[in-house]
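Dear colleague,

Please find below the structure that I am handing over to you. A summary of the findings follows it.

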Amino acid sequence: MPFRFEGPEANAPLKVRACVACHKDAGYPARGTLTRQNALSIRFLVEQGLMPPFGLPLSAAERAEIERFTGGAG
């Protein structure tokens with residue numbers, strides 16, 4: 001199994017404002033763009049309340065967008 005998947009679907013970027021504030025490729029802080037191949041990690045971290053960091057809440061619309069992006073049915 002490859003470490004990173006290729007193709008447009010696997011590399012579609014997450015565009016949720018609360019996430020992109022930090023998870024981008026340039027500027028401060030630049031933690032790298034999140035893509036669909038990161039979906040399991042994104043979903044786990046959001047469900048466990050570990051992301052976004054304390055003090056940066058997700059709106060209901062942003063939470064729904066993350067669920068759609070990660071393939072969630074909720």
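**Thr35 and its surroundings**

Leaving aside neighbours within four places in sequence, Thr35 is in contact (heavy atoms within 4.5 Å) with Ala10, Asn11, Ala12, Pro13, Leu14, Ile42 and Phe69. Please note that this is a predicted model, in which local features need pLDDT of at least 70, side-chain atom pairs count only at pLDDT 80 or more, and totals for chains, interfaces and linings use all residues. Residues are numbered from 1 along each chain as its sequence is written, and side-chain values use heavy atoms, with hydrogens and water left out.

Thr35 belongs to the loop between helix 1 and helix 2. Its relative accessible area is 11%, so Thr35 counts as buried (under 20% relative accessible area, with exposed being over 50% and partly exposed in between, for a 1.4 Å probe and protein chains only).

Asn38 is found in that loop between helix 1 and helix 2 as well. With a relative accessible area of 23%, Asn38 is partly exposed. The C-alpha atoms of Asn38 and Arg4 are 9.7 Å apart in space, while the two are 34 residues apart in sequence.

**The chain as a whole**

The chain has 3 helices and 0 strands (DSSP runs numbered from the N terminus: helices are H or I with at least four residues, strands are E with at least two). The radius of gyration, taken over C-alpha atoms, is 12 Å, close to the 11 Å that the globule rule (2.2 Å times the number of residues to the power 0.38) gives for 74 residues, so the chain is as compact as a globular protein of that length. Buried residues make up 27% of the 74 residues. Of the contacts with a separation of 6 or more, 50% are between residues 24 or more positions apart.

**The largest pocket**

The largest pocket has about 240 Å³ of space. A pocket here is an open set of points on a 1 Å grid over the protein atoms alone, where a 1.4 Å probe fits, with protein on both sides within 12 Å along at least five of seven lines; lining residues have an atom within 4 Å of a point. The volume is the space filled by probe spheres set on the points, which are joined across faces, edges and corners.

This pocket is lined by 14 residues, of which Cys19, His23, Leu34, Met51 and Pro52 lie nearest its centre. Helix 1 (17-20) and helix 2 (39-47) are the elements that give two or more residues to the lining. Helix 2 provides the largest share, 4 residues.

Yours sincerely
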